[in-house]
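This briefing takes up a few points of one protein structure, grouped by topic. Please consult the sequence and the structure shown here alongside the text.

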Amino acid sequence: MFSPARLRAEWFGNVRADLLSGLVVALALIPEAIAFSIIAGVDPKVGLYASFSIAVITAIAGGRPAMISAATGAMAVVMVSLVKEHGLPYLFAATILTGVIQMLAGAARLGRVMRFVSRSVLTGFVNALAILIFMAQLPELIGVPWLTYPMLALGLAIIYLLPRLTTAVPSPLVCIIVLTALAWALGLELRTVGDMGALPDSLPAFLLPDVPLTLETLRIILPYSATLAAVGLLESLMTAAVVDQMTDTTSQRNRECVGQGLANFATGFLGGMAGCAMIGQSVINVRSGGRTRLSTLVAGVVLLFLILVLGDLVRRIPMAALVAVMIMVSIGTFDWASLRTLLTHPRSSSVVMLATVATVLATHDLARGVLVGVLLSGIFFAGKVRRMFAVESHLSEDGRERRYSVRGQVFFASAEDFCAAFDTREDVERVVIDVTHAHLWDITGIHALDRVVLALRGRGVAVEVTGLNEASAAMVERLGRHDKPGAALAAGH
């Protein structure tokens with residue numbers, strides 16, 4: 001429930017810093033939005049309108065204050081073939097459907113999937129993004145006028161040295177202002193924001209995508225929308241986790257899913273492309289002092305104001321200034337401590353982190369990187385649990401009864417060890433399998449128990465299974481074969 005106190009905290013608890021950080025983010029969003037539009041094969045205004053719309057709506061409806069959402073490269077890559085093969089109207093329709101899918105995901109509380117993302121995967125995600133952010137700046141550093149390099153050095157000096165003198169104004173904002181003024185006053189021939197593409201000169205207008213409302217249209221856009229929804233939610237939830245860590249606060253993951261969906265749904269009607277959270281701009285926002293929803297709202301509103309009212313001035317901003325800001329983001333985003341702990345952390349954790357980074361860099365697909373990391377984490381976890389499994393056996397004094405005591409988890413990874421622990425050819429009259437300190441998790445574990453019991457009974461040995469807990473007994477009753485009529489099964493002893 002919302003209360004006046006919470007409303008003030010989420011919106012007006014950090015006004016001055018939020019206004020300034022939002023301005024910095026707005027300036028940094030412009031070349032990014034234009035670049036992502038070019039990647040998707042659409043007019044720059046499609047990305048700029050999307051960045052405005054998504055930032056404003058997620059500021060209100062999202063679940064992570066101070067996180068910046070807009071048009072992104074991860075989403076743009078998915079759109080390329082759709083735009084090329086079917087045209088811009090189908091992109092708008094796919095964006096609307098993406099929003100619907102994301103809202104349904106939020107309603108289904110799929111934000112909980114973040115519980116299955118390990119710390120190693122999150123570290124790999126962050127490091128890979130930091131490297132990608134730096135690599136994205138390389139086109140602005142290769143084959144450019146030589147003056148770009150001293151201007152870049154000056155920008156970095158301002159960003160890192162100014163905070164030692166004062167933190168009253170975000171140093172990235174001062175960097176952009178000083179370098180723009182210097183380039184304009186001296187008439188320096190540098191690559192500018194205006195060279196990235198044309199800026200729109202009118203407000204976004206409400207429109208219905210010009211596509212036929214047929215099942216054929218749905219067949220075309222659904223695969224793209226499903227992919228966009230998955231990539232968008234994954235990147236948004238991962239970015240929210242990073243901002244949580246940076247600000248030592250928590251986010252509302254399911255609300256964030258709904259907020260992202262609502263933003264994309266509305267953006268499709270405003271002539272924009274689908275988007276999601278941006279870790280680079282989110283880091284800029286937080287490091288510039290942004291903490292509340294106001295910073296995100298300001299970023300979106302100021303973005304539109306800059307391109308419509310101050311477009312002539314924005315076009316003169318040298319790319320060197322924005323590259324300096326993004327390099328700062330790259331350096332600040334990378335988890336440098338993870339390099340020092342590669343040899344001290346468990347080997348499995350280091351492998352998961354490095355595999356996540358390698359996959360993202362190889363595919364430029366954050367979703368695939370996280371998926372590989374999560375799968376490896378699951379495999380390593382299963383291996384660790386398997387090693388905690390043990391079976392002890394004791395033969396009675398008269399040599400007629402063998403008692404096996406099972407400890408640990410019986411599931412697909414430990415089922416083979418379970419079967420190997422029993423001597424089904426031993427010459428005894430009776431075998432007791434005590435699973436009081438064990439748990440049977442899946443059909444593979446049940447099958448392993450069946451295999452041992454039936455093998456023993458096939459040789460005329462009386463077998464009794466004791467100590468099944470309630471959950472294991474229920475699975476045995478439903479899936480097992482050895483407990484059917486004629487078999488001795490005692491549960492709960």
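The sulfur of C276 lies 12 Å from the closest cysteine sulfur, that of C257, which is too far for a bond. This comes from a predicted model, and the structure holds zero disulfides.

**Cysteines**
- A disulfide is called only where two cysteine sulfur atoms are within 2.5 Å, so the 12 Å from the sulfur of C257 to its closest cysteine sulfur, in C276, rules out a bond.
- C276 is buried, because its relative accessible area is 0%.
- C257 also counts as buried, because its relative accessibility is 2%, and the cut-off for burial is under 20%.

**Domain division**
- The protein chain is divided into domain 1, residues 4-379, and domain 2, residues 388-479.
- Taken over C-alpha atoms, the centres of domain 1 and domain 2 are separated by 54 Å.

**Residue S414**
- S414 sits in the loop that runs between β4 (401-410) and α18 (415-420).
- Is S414 buried or exposed? With a relative accessibility of 0%, S414 counts as buried.
- Apart from neighbours within four places in sequence, S414 is in contact with R386, F389 and Q409.

**Helices α19 and α20**
- The axes of α19 (residues 443-458) and α20 (residues 470-479) come within 10 Å and cross at roughly 75°.
- Helix α19 is therefore roughly perpendicular to α20, because angles from 65 to 115 degrees fall in that class.
- On α19 the contact involves I443, I446, L449 and D450, and on α20 it involves M475, V476 and L479.
- Sorted by class, the contact of α19 with α20 comprises six nonpolar residues, no polar residues and one charged residue.

**Helices α2 and α14**
- Helix α2 (residues 15-40) packs with helix α14 (residues 319-333) at an angle of about 105°, and their axes are 10 Å apart.
- What orientation do α2 and α14 therefore have to each other? The two helices, α2 and α14, are roughly perpendicular.
- The contact is formed by L27, A28, P31 and E32 of α2 together with M319, L322 and M326 of α14.
- By class, six nonpolar residues, no polar residues and one charged residue make up the contact of α2 with α14.

How values were computed
Residues are numbered from 1 along each chain as its sequence is written. This is a predicted model: local features need pLDDT of at least 70, side-chain atom pairs count only at pLDDT 80 or more; totals for chains, interfaces and linings use all residues. Side-chain values use heavy atoms; hydrogens and water are left out. Buried means under 20% relative accessible area, exposed over 50%, partly exposed in between (1.4 Å probe, protein chains only). Axes are lines fitted to C-alpha atoms, for helices over the stretch in contact, and angles run from 0 to 180 degrees between N-to-C directions. Helices (H or I, at least four residues) and strands (E, at least two) are DSSP runs, numbered from the N terminus. Angles under 35 degrees count as roughly parallel, over 145 as roughly antiparallel, 65 to 115 as roughly perpendicular and the rest as oblique. Contact means heavy atoms within 4.5 Å. Ala, Val, Leu, Ile, Met, Phe, Trp, Tyr, Cys and Pro count as nonpolar, Asp, Glu, Lys and Arg as charged, and the others, Gly among them, as polar. Domain bounds come from an automatic or database domain assignment.
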